[in-house]
Amino acid sequence: MSRAAISEATFAAGIPSMHNPTSFPDRVAVLGCDGFIGHHLVERLLSMDGVEVVGWDRELRRTRHLLSNPRFHFRQADLASDPSALERDIASVDAVVNLAALCNPSLYGSQTLDVIRSNFTDVEPVVRFCAQAGVKLVHLSTSEVFGRTLRSWLPDQASALPRELDVMDEDRTPFLLGPLSSTRWSYACAKQLAERMIEAWGRERGLEWTIVRPFNFIGPGMDYLPGHDGEGVPRVLACFLKALIDREPMKLVDGGRARRTFLHISEAVDGLLRILARRRDTSCQVFHLGKADNETDIRELAVSMRSIWARLRQDPSILEIPLQDVSSEEFYGPGYDDSDRRIPCMNKAQTILDWTPTLSLEGALTLTLGDYHLRYPENKR
């Protein structure tokens, strides 16, 4: 298949430079194109000369402004709604990036069947169509496939073990999920089984694939805010932002002890573009996209967000918004469990993709909250 050559001038305009000669797909399908990651990826792809994007999504909120671009071909549909159209669209492109998923912890125990369908059942036709057409599949999985760290299953004295024990390697770290009664792991299980299915299609049927495990991407357009532009329970940053905007207590599930690393979406998209450009080097590989030294616990995340928000609003009284401990059952309902810590090993991304993110946690949070500050003025409800 033909692929558009990438010039140094194009990379200088905002796409990361690469030491090795690279080529890029002329035509890319982005499944889940209107989601948080998807719309940022589509915008970057369309900023590249000659690249066409075929987008699939049930919603048209974040990408509506791109419909006038003749290189953006949008199909407003669920992946399972029109298999024939999906097969035709996949056969017409050089690469598929599958971002379609239900990935909200509030749904894992309340809409478990939908979560399993979205993250495993609906993935199977995509994998099969890619294999049949000889199209490269870049599938977005999750860091949640690892479950809890080995440390968390050991006696209390394990706290003295080195940090390296918690670093998650793409090819060696085991998956340690909780029992059946912990329904939160339905998402991780579905994602893990999709990974195993993709690997098997590659090994047995010749599928060319790359799996990406995001480690907590953040940035503009990340989530809805309940009571403002949506209802329900969004992910943690949006929950905290809703509390800050409405001057309500910032709720810390189980004390906010869980630890996470965070990566700004602009640097995440850089990594995805490198994967698309380095088709041969990334074939049959799993990559972690994250920033290991941007680690914090959720309590400190709340404190940092409150401080940044007070600075953006130029209102010191925001610092008086309280933190409130709540149980996971109170917040999410029964069956909730969580990983205690997720630190990505970055060796493969650095050596194969020549990709090392540089934006600090405070910088990533400031850019993210700055967007919400502009979009949600103080008098908006």
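Two strands count as paired if DSSP finds at least two bridges between them. Helices (H or I, at least four residues) and strands (E, at least two) are themselves DSSP runs, numbered from the N terminus. With that in hand, let's look at the sheet.

This is a predicted model, where local features need pLDDT of at least 70, side-chain atom pairs count only at pLDDT 80 or more, and totals for chains, interfaces and linings use all residues. Residues are numbered from 1 along each chain as its sequence is written, and side-chain values use heavy atoms, with hydrogens and water left out.

**The sheet**

Seven strands make up an open sheet: 7 strands in the order β5-β4-β3-β6-β7-β9-β14, with parallel pairing. At the edges stand β5 (72-76) and β14 (285-289), each with a single partner strand, so one side of each has no neighbour in the sheet. On average, neighbouring strands are turned by 15° against each other, direction ignored. As background, strands of a sheet pair through backbone hydrogen bonds, either parallel or antiparallel.

Now zoom in on β6 (residues 95-98). It runs parallel to β3 (residues 27-31), and 4 bridges join the two. Val-28 sits opposite Ala-95 in β6, and Leu-31 has Asn-98 as its bridge partner there. Another 4 bridges join β6 to β7, again running parallel, and here Val-97 is partnered by Val-138 in β7. Which way do the residues of β6 point? Ala-95 and Val-97 go one way, Val-96 and Asn-98 go the other way, and all are buried. Buried means under 20% relative accessible area, exposed means over 50%, and partly exposed is in between (1.4 Å probe, protein chains only).

**Helices on the sheet and on each other**

Contact here means heavy atoms within 4.5 Å. Angles run from 0 to 180 degrees between N-to-C directions, and axes are lines fitted to C-alpha atoms, for helices over the stretch in contact. Helix α5 lies across β3, β6 and β7 (136-140), running at about 155° to β7.

| Helix pair | Angle | Axes apart |
|---|---|---|
| α3 (residues 83-91) and α5 (residues 123-133) | about 40° | 9 Å |
| α4 (residues 112-121) and α5 | about 5° | 5 Å |

That makes α4 roughly parallel to α5, while α3 and α5 are oblique to each other. The cut-offs: under 35 degrees is roughly parallel, over 145 roughly antiparallel, 65 to 115 roughly perpendicular, and the rest oblique.

Who touches whom? Pro-83, Leu-86, Glu-87, Ile-90 and Ala-91 in α3 meet a group in α5 made of Val-126, Phe-129, Cys-130, Gln-132 and Ala-133. (Ala, Val, Leu, Ile, Met, Phe, Trp, Tyr, Cys and Pro count as nonpolar, Asp, Glu, Lys and Arg as charged, and the others, Gly among them, as polar.) On the α4 side, Ser-118, Asn-119, Phe-120 and Thr-121 meet Val-123, Glu-124 and Pro-125 of α5.

Most residues other than glycine have a negative phi. Arg-247, not a glycine, has a positive phi of about 55°. It lies in the loop between α7 (236-246) and β11 (250-253) and is partly exposed, at 40% relative accessible area. Asp-354 also has a positive phi, near 55°. Its loop runs between α12 (347-352) and α13 (361-375), and Asp-354 is partly exposed at 29%.
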